[in-house]
Amino acid sequence: MKHSKYGVNTICTHIGEIEDKQFKGAVSPIYVSTSYEFDDVDMKRYPRYFNTPNQEHLSKKIAALEHTESALIFGSGMAALSALFFTFLKSGDHLVVQNTLYGGASHFIREEFPKFGIEFTFTNGYDVSDFEAAIQPNTKLIHIETPSNPLLTITDIKGVAKLGKAHNILTSIDNTFASPINQNPIDFGIDIIMHSATKYLGGHSDILAGALAASDDLISQIWHVAKNFGGNLSDYTVWMLERSMKTLALRVKAQTKNANKIARYLEKHPDVKAVYYPGLKSHPQYKLAKAQMHGFGAMMSFELQDGLDALEFQKHLQLIKSSMSLAGVESTVLSPYLTSHALLTQEERDAIGISDQLIRFSVGIETKKDLLADIEQAINKTKTK
């Protein structure tokens with residue numbers, strides 16, 4: 001089924017599904033075999049080679065959503081990211097990476113790259129000029145994240161892609177926060193797109209997965225490395241992810257609509273000191289976000305006024321869960337300094353603006369007035385402490 005003529009909800013629902021030829025069921029069958037015939041077959045299937053029937057077809061759905069030729073599914077976002085890095089970086093090579101980056105990725109680079117003799121530079125900012133200033137003669141890859149975790153900084157995707165091509169350097173992006181529904185980096189010239197599929201692609205806080213999407217050639221190069229690392233998913237989880245992605249566009253659009261309204265409410269709240277959300281006109285990169293995103297996403301962060309304890313506030317929430325991870329249908333909050341960026345030192349967190357007061361808010365699909373009421377009662381209880 002060619003997908004270029006279909007709308008996003010049709011792609012989510014139908015592209016990548018496996019036809020049940022035996023029983024004519026409405027959903028994809030699941031193939032759990034770890035052993036397939038090898039003689040006189042079109043494809044020698046092996047789970048670690050990313051080519052079981054469920055893996056193969058789900059990859060087509062992700063590629064269709066990201067407007068790429070190919071994709072691969074991994075056991076986690078970090079499995080996808082490590083496969084990406086170790087495919088295109090070897091000893092003596094150099095990586096330019098955005099300073100406002102997911103803490104786990106930042107820690108991975110600082111902890112593992114020196115063991116392999118791979119050099120790296122974290123940018124001083126996230127303007128194109130910051131990336132250009134960090135390029136060295138041995139730079140082979142530029143990696144960005146936009147919107148970033150957890151401060152929702154916005155990087156010029158087209159500008160970075162153009163910079164990479166001018167210097168013959170590959171470019172990659174963590175597109176997790178936006179999802180393919182709100183942003184398609186390939187359309188702006190980025191070479192490789194990475195997702196923590198645990199988040200919006202899964203969307204129900206019950207799947208651990210990752211994904212890479214790119215051209216046939218680049219995915220082929222990644223495949224030759226990734227099959228040696230063994231970061232694959234079980235086909236049951238692959239099947240669950242394909243099922244979950246049928247509602248991806250519906251979920252993300254509902255979450256984005258909620259987030260837009262809640263961000264505006266919080267921005268005007270007297271007990272809130274700052275709100276970080278690219279859909280607010282007060283956001284420094286609002287115009288850029290509007291130009292390169294289809295919607296502003298459902299992630300935001302905010303800080304309460306001085307004197308209001310962020311952890312105390314989270315304890316008083318009754319509907320919104322104080323919980324790790326993000327992007328499920330349920331709304332969640334957390335303190336990045338204790339979770340997503342706990343592996344960074346205090347100095348590293350201070351350098352990128354992550355304070356102990358910062359609260360990351362993943363907005364779900366609940367009724368908006370119920371979420372606002374929960375926030376309000378939690379603030380009031382925190383003020384009485």
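1. In this predicted model, K199 is buried, its relative accessible area being 17%. The cut-off for that class is under 20%, so K199 falls within it at 17%. K199 sits in the loop that runs between β6 (192-195) and β7 (210-214). The unreviewed UniProt entry assigns to K199 the feature "modified residue: N6-(pyridoxal phosphate)lysine".

2. What is the secondary structure of the chain over residues 70-89? The model shows 60% helix and 25% strand there, with 21 Å between the end C-alpha atoms.

3. The structure contains 14 salt bridges. One of them joins E17 to K246, with 3.8 Å between the closest N and O atoms. E17 belongs to the loop between α1 and α2, and K246 to the loop between α9 (235-245) and α10 (248-267); the pair therefore ties together parts that lie 229 residues apart in sequence. E17 is partly exposed at 26% relative accessible area, while K246 counts as buried at 18% relative accessibility.

4. The residues E17 and K246 also take part in a network of salt bridges, in which they are linked with K61 and E242.

5. Another salt bridge connects D93 with K90, the closest N and O atoms being 3.5 Å apart. Are the two partners buried or exposed? D93 is buried, with 5% relative accessible area, whereas K90 is exposed, with 53%.

6. Within helix α4 (residues 103-116), K115 and E112 are placed three residues apart, which is about one turn of the helix. Their side chains form a salt bridge with an N to O distance of 3.2 Å. K115 counts as exposed at 57% relative accessibility, and E112 is partly exposed with a relative accessible area of 23%.

7. A patch of negative charge on the surface is formed by E37, D39, D40 and D42. Of these residues, D40 is located in the loop between α1 (8-14) and α2 (53-66). D40 has 77% relative accessibility and so counts as exposed.

Note on methods
Residues are numbered from 1 along each chain as its sequence is written. This is a predicted model: local features need pLDDT of at least 70, side-chain atom pairs count only at pLDDT 80 or more; totals for chains, interfaces and linings use all residues. Side-chain values use heavy atoms; hydrogens and water are left out. Patches are made of residues with over 30% relative accessible area and no salt bridge: like charges are joined within 9 Å, nonpolar side chains (Val, Leu, Ile, Met, Phe, Trp, Tyr) within 5 Å. Accessible areas come from the Shrake-Rupley method with a 1.4 Å probe; for residues, only the protein chains shown count as cover. A salt bridge is a side-chain nitrogen of Lys or Arg within 4 Å of a carboxyl oxygen of Asp or Glu. Lys and Arg count as positive and Asp and Glu as negative; His and the chain ends are not counted. The place of a charge is taken as NZ of Lys, CZ of Arg, CG of Asp or CD of Glu. Helices (H or I, at least four residues) and strands (E, at least two) are DSSP runs, numbered from the N terminus. Buried means under 20% relative accessible area, exposed over 50%, partly exposed in between (1.4 Å probe, protein chains only). UniProt positions are given in the numbering used here, feature names are shortened, and annotations may be inferred rather than shown by experiment.
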